[in-house]
Amino acid sequence: MENTDNILEIKHLTKVYQDETDTGADPILADLNLKVGRKEFLSVLGPSGCGKTTMLRCIAGFETYNGEILVDGVSAAKPGTDRIMVFQDFNQIFPWQTVEKNIQYPLRLQGIKDKEQLQAVSDEYLKKVNLDGVQKKYPHQLSGGMKQRVAIARALAQKPKIILMDEPFAALDAMTRNRLQVELLNISSQEDCTFIFITHNIQEAIVLGDRIIVMSKKGEIKVDEKNGLKKPITPATPGYGEMWQRFHDALEV
Amino acid sequence: MNKRREEFSDLIVKIVFVAVVLLIWESVARANLFGSRSRLIFPTIGEIGRAFVTNLTIGYAGSSFLIYIANSLKLLIIGLLIGVVLAFVFSGLSMVSRYFYSIYNLVVSVFDLLPGVALLPVVIIIFGVTPGVIVFLVVHAVIWPMSRSVLDGFMAVPRIYVEAGLNMGLSRGRLLFGVYIPAAMSYILSGLKVGWARAWRGLLSAEMIFGLANSLGIGLYINQMRTNLKNAEMYATLIVIVLIGVVVQYGIFAPIEKCTVKKWGMSK
Amino acid sequence: MKKFRKKCVAAVVMCCALLSMGLTGCAGDKNQTAGQPGNGKEAEVNIAYQYGLAYAPLIIAKEQGLIEKAYEDATGQKVNVTWNQMSSGSDINTAFVSGSINVGFMGVAPAITGVANDVGYKIFTNLSGQEHALMTNSEDLNTLSDLVGSDSQIALVNIGSIQHIILGMALDHAGYDAHSLDSNIVVMKHPDGMTALESGSVPCHLSTNPYIYKEMENSQLHEIEGISDVWSVDSSFIVGIASEDLEQSDPELYSAVCEAIEEAINYINDNPEEAAEITCEFNGNTKEDEIKYLQKGNYSVDTKGIFSLADFMSSNGFIDKKFESYKDLVFDNVTGD
């Protein structure tokens with residue numbers, strides 16, 4: 001209770017996948033403890049299989065687990081609109097809805113029925129992700145980068161407390177990836193929202209994160225440090241190289 | 001441009017094919033190859049055309065063929081609706097309960113193998129000799145292939161859509177309509193197509209085997225024409241059966257596909 | 001354009017292939033039926049018959065090889081006889097149209113329908129007459145008037161069958177339209193009809209030998225009056241038909257078939273016990289029952305009532321053609337009316 005401005009608190013999170021054939025399987029996450037501050041942009045680095053995606057899925061409420069996850073002090077065991085997930089897979093927006101309907105649909109579920117209001121919200125968020133003029137298109141008519149932008153717009157429009165991003169740019173080409181990083185940085189500075197961003201990419205973690213953690217096996221947090229570099233961060237920013245090397249070494253072990 | 005030309009030439013070829021078939025048919029019919037039997041084996045196109053009109057105007061035993069068609073379609077639609085709704089209800093329940101799924105999966109696999117006509121004697125014991133028998137057979141014809149497709153379709157729904165739906169706060173029930181049904185639409189449509197084709201065949205065979213004179217139907221009509229050796233009328237009836245199939249395929253299924261799976265880029 | 005021409009050719013070739021397949025199918029059948037011995041081949045006759053007591057003489061003819069004997073006595077040559085059991089007169093008519101049979105036995109109504117539609121056959125003999133009755137399990141039904149306008153179902157062997165026409169005649173006789181019970185008909189084979197009647201799932205069954213006797217023994221069931229007035233056991237029920245082709249081009253074989261049927265009928269009338277011994281197994285009855293049932297039937301080569309039946313059928317819309325005389329229905333050797 002020393003820091004009251006934590007939006008998310010993970011206590012003793014342990015997760016064992018049930019479908020392991022051998023009994024007494026090793027947990028994928030063992031006694032993970034983490035606090036995330038309000039409006040913080042947390043980058044999570046870690047090798048494959050360290051449990052970072054599992055942690056994100058537990059936070060989203062897609063998994064059962066031992067331990068406790070609290071959002072604003074309230075247990076969050078089931079999925080909810082206060083924590084919206086953005087997946088790596090381009091095909092996360094519904095192919096049977098147009099781009100704007102994809103954004104409006106969850107809002108309608110939240111009880112917004114006014115058509116003009118829905119239209120205004122979807123237009124606003126599409127503009128935020130630099131996607132104007134594709135409102136009436138269907139997802140199969142869009143490129144991968146455009147689909148991820150729609151997914152981010154859909155997540156933002158629901159005004160969640162936390163956006164959970166599971167390597168959303170990992171499958172994009174380098175150019176698009178860099179462009180989307182910049183856009184996300186701008187958006188995150190404007191939105192009243194916490195981001196937890198999982199990535200393999202050290203550069204991405206440094207450019208985006210206010211705080212960066214490195215996870216190793218079973219969700220052990222090896223490094224947890226504030227990003228003191230001045231934004232916007234490029235490889236030319238003083239201190240970038242050292243920081244990059246530190247995370248690189250932490251990941252190597 | 002090139003594609004349109006291709007389509008156009010395909011159309012011409014089809015027309016040529018039909019025209020040649022009709023021409024050969026007509027010359028065989030006029031050649032009188034089988035003596036007095038010729039009129040029964042190969043009625044001329046004119047005779048079949050006249051029979052077509054006679055079917056619609058005079059019909060048989062005081063009822064126009066249209067009444068027979070209407071009655072068959074009525075039973076078919078009732079059966080289809082019941083079958084489709086039940087298939088959705090049971091498949092939906094299967095998504096909620098794993099036990100229900102395994103039982104229903106077994107039931108579908110077993111009953112899918114049973115031709116409706118083979119069930120006829122059992123069904124008559126249950127329903128007596130009523131149009132309910134025909135409806136039952138239509139339901140039987142449609143529910144299993146439909147359930148198989150819907151179950152397969154539901155199982156094949158990417159988990160990411162389900163999780164995105166849950167994340168938006170969709171309840172279990174709304175998940176069915178909001179995610180499972182649209183995501184499985186191509187499976188559902190192919191299930192509907194198979195179900196319709198089986199139901200249509202099942203209906204006709206049931207009507208032919210089990211002639212209920214108080215429930216006029218297309219199958220019964222064919223039988224009556226056959227009994228009375230009105231073969232031109234019989235051929236005309238077959239043409240109507242094909243036409244109804246074409247109307248359903250191109251008038252109902254094609255537009256539905258066009259404004260769903262084709263539009264959504266989901267067609268297989 | 002070249003491609004297009006190719007496609008057209010393909011379409012035409014497809015048509016020809018399809019049609020030639022169809023034609024050879026029919027023509028092949030035709031060759032089969034032309035049973036002349038001319039080109040050194042053995043003479044052959046393809047016979048279609050049905051199941052039941054009314055067809056008993058055929059079992060005798062088949063088991064005792066009467067056609068083969070009669071033909072050999074007349075010509076000294078062998079004949080190849082094929083017996084095909086079918087399930088209705090309509091089936092036999094269809095088989096006749098396809099050309100795969102040249103002799104058949106069926107109810108007199110489908111036979112008249114066939115003659116009226118120029119299938120290419122005529123009646124060459126009577127086979128049997130049987131008792132018919134409309135049986136019911138409902139105490140409220142006693143006359144045809146009780147049925148007309150009601151929704152009580154009548155199990156009956158087939159639309160357009162002799163039973164269907166008899167029902168029409170009885171209705172006509174009682175002053176109703178011949179088709180006034182058409183919508184009450186449920187098509188069922190006799191055994192199914194009897195089961196349905198006894199179990200109560202159908203209120204009426206137009207029944208014949210032997211089911212009629214089994215049903216009459218059942219105290220729950222009784223007869224609705226009216227059928228026997230118009231169609232008695234003496235009236236023609238099952239007749240034999242032969243192709244005009246057979247009669248004209250192979251008169252010896254035709255006569256052999258006629259003789260064999262007559263002999264079989266005489267055998268049943270003269271030696272019912274021995275006949276029953278042969279037929280009981282085929283009809284699934286005990287020998288005692290079979291003797292009883294055979295003696296209830298009327299086996300004769302002379303037709304009775306077929307011209308008036310044909311007349312009734314044409315004046316009540318069952319057939320389109322109007323027959324001028326009895327001889328339009330039968331070959332010259334047939335006697336009766």
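Chain C, in this predicted model, has 15 helices and 11 strands. Among its contacts between residues at least 6 apart in sequence, 77% join residues at least 24 apart, and buried residues make up 50% of the 337 residues in the chain.

For the complex the predictor gives an ipTM of 0.90 and a pTM of 0.78.

Confidence in chain C averages a pLDDT of 87, with 88% of the residues scoring at least 70.

| Element of chain C | Residues | Mean pLDDT |
|---|---|---|
| helix α1, lowest | 2-33 | 58 |
| strand β10, highest | 238-243 | 96 |

Over residues 27-38 of chain C the pLDDT stays under 50, and for this stretch the model has 23 contacts beyond four places in sequence. Where pLDDT is low, the predicted coordinates should not be read in detail.

Helix α2 of chain C, residues 56-64, is largely enclosed by the rest of the structure, because seven of its nine residues are buried. The buried residues in α2(C) are A56(C), P57(C), L58(C), I59(C), I60(C), A61(C) and K62(C). Just after α2(C) comes G65(C), which takes a positive phi of about 60 degrees.

Notes
Residues numbered from 1 in each chain as written. Chains lettered and ligands numbered in written order. Predicted model: local features only at pLDDT ≥ 70, side-chain atom pairs only at ≥ 80, totals over all residues. Helix = DSSP H or I, 4+ residues; strand = E, 2+ residues; numbered from the N terminus. Buried ≥ 20, exposed ≤ 12 C-beta atoms within 10 Å, placed from the backbone. Contact = placed C-beta atoms within 7 Å. pLDDT = per-residue confidence, 0-100.
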